[in-house]
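Colleague: Hi, could you walk me through this model? I have a few quick things to ask.

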Amino acid sequence: MSRKIMADFHLHSDFSGDGEIPMETMIQEGIARGLSLMCFTEHLDWDFPPTPEHTAFDLDIPAYRNRLVELKEKYKDSIDLRFGLELGLQPHLASRHQALLKEWEFDFVIGSSHVTDGCDPYYPAFYEDRTEEEAYTSYFESILDNLKVFDQMDVYGHIDYVVRYGPNKNKFYTYGRYEEILEEILRTLISRNVGLEVNTGGFHYGLGHPNPCEEILTRYRQLGGEILTIGSDAHIPGNIAFDFHKLPDLLKSCGFTHYTVFQNRRPQFLPLD
Ligand SMILES: [Zn+2]
Ligand SMILES: [Zn+2]
């Protein structure tokens, strides 16, 4: 009998530029869904190219931290809350990110590629004037470009996030098609001691798979990767711990026996069985 996943390590509230739900509402729903651990990972994306919906993805870290500390105390008998960050990586920001992480004591930091070639793959413009393969490859290249200059995050977030938004999503996407670059990403992550995130947003987006897909998870494990955090990427209460019931069997079939949570930037391994 598999254990239930009790920890959601990728969550947003209204402290994130694209979030509208108060942190306390998210926490109450997490408790109602039986979680014992929630890590908020609010967005900070410096130099995010302005779009009609979002002019900036800045984060008021002091206000965020204060509110989290307050709610951590208020709900301490019901749930354990952690202070995390989802950092939007771009190579030119590496030294600023390094300084930021020295300044603040986060429990957990996700590094994510949200902006590649000056554009978020969320927008159709990302796929204009090139093939899907070129667009997806350029997204994967951005991960390597970021890893060359910055490896201070605990995990890399949703490494095949781009397939959520391509015109054909994951219809023609396979590990084999992008094997060369994906192998290089996985080997680089392991050699830099950066873990991988499994993000159930892929189920929410109708891909039928998490991000990254099972083939990437399997290969990461085969290459010796052990650090694997689990997150729903929920911005609304209804998506907290989204499809987590699918994960114990899915991750075991990819070769994992444990998943990972973080406190004070240190990994702790929890059994899937
Ligand atoms: Zn993200
Ligand atoms: Zn996120």
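Colleague: What spacing do the donors of the zinc ion (ligand 1) follow along the chain?
Modeller: They follow E-x27-H-x43-H. Before we go on, this is a predicted model, where local features need pLDDT of at least 70 and side-chain atom pairs count only at pLDDT 80 or more, while totals for chains, interfaces and linings use all residues. Residues are numbered from 1 along each chain as its sequence is written, chains are lettered from A and ligands numbered from 1 in the order in which they are written, and side-chain values use heavy atoms, with hydrogens and water left out.

Colleague: Thanks! Which residues are the protein donors of that zinc ion (ligand 1)?
Modeller: E86 (OE), H114 (NE2) and H158 (NE2), lying 2.1 to 2.2 Å from the zinc ion (ligand 1). Donors here are N, O and S atoms within 2.8 Å of the metal (3.2 Å for Na, K and Ca), and water is not among the atoms, so sites may look incomplete.

Colleague: Where do E86 and H158 lie in the chain?
Modeller: E86 is in strand β3 (residues 80-88), and H158 is in the loop between β5 (155-156) and α5 (179-191), 72 residues apart. Helices (H or I, at least four residues) and strands (E, at least two) are DSSP runs, numbered from the N terminus.

Colleague: Is E86 buried or exposed?
Modeller: E86 is buried, at 0% relative accessibility, and H158 is also at 0% and buried. The cut-offs are under 20% relative accessible area for buried, over 50% for exposed and partly exposed in between, with a 1.4 Å probe and protein chains only.

Colleague: And which residues coordinate the zinc ion (ligand 2)?
Modeller: H10 (NE2), H12 (NE2), E86 (OE) and D233 (OD) do, at 2.1 to 2.2 Å. E86 bridges the two zinc ions, which are 3.4 Å apart. H12, in the loop between β1 and α1, and D233, in the loop between β7 (228-231) and α8 (247-253), are 221 residues apart. Both H12 and D233 are buried.

Colleague: Why is the arrangement around the zinc ion (ligand 2) irregular?
Modeller: Its 4 donor atoms subtend angles of 81 to 168°, which makes the arrangement irregular. Four donors count as tetrahedral if all angles lie between 85 and 135 degrees; four count as square planar and six as octahedral if opposite donors are over 155 degrees apart and all others between 65 and 115; anything else is irregular.

Colleague: Switching to the aromatics, how many aromatic pairs are there?
Modeller: There are 19 aromatic pairs. The rule takes rings of Phe, Tyr and Trp (its six-membered ring) with centres within 6.5 Å; planes under 30 degrees apart count as stacked, over 60 as edge-to-face and the rest as tilted. F15 and Y64, for instance, have ring centres 5.7 Å apart and planes at 40°, so that pair is tilted. F15 sits in the loop between β1 (7-11) and α1 (23-32) and Y64 in helix α2 (residues 61-74), so the pair ties together parts 49 residues apart in sequence. F15 is partly exposed at 21%, while Y64 is buried at 0%.

Colleague: Which residues do ring pairs link into a cluster?
Modeller: Among them are Y122, Y123, F126, Y127, Y139 and F140. Y139 and F140 pair edge-to-face, 6.2 Å centre to centre with 70° between the planes.

Colleague: What sits over the ring of F203?
Modeller: The charged end of K246, 4.4 Å from the ring centre. R65 lies over the face of F83 at 5.9 Å. The test is NZ of Lys or CZ of Arg within 6 Å of the ring centre and within 35 degrees of the ring normal.

Colleague: Now the backbone: which residues does a cis peptide bond join?
Modeller: N211 and P212, with omega about 0°. P212 is in the loop between α6 (201-204) and α7 (214-222). Phi is also positive at N193, near 60°, and at A241, near 55°. Most residues other than glycine have a negative phi, and most peptide bonds are trans. N193 is exposed at 58%, whereas A241 is buried at 16%.

Colleague: Last one: how many helices and strands does the protein chain have?
Modeller: The protein chain has 8 helices and 9 strands, and buried residues make up 56% of its 273 residues.
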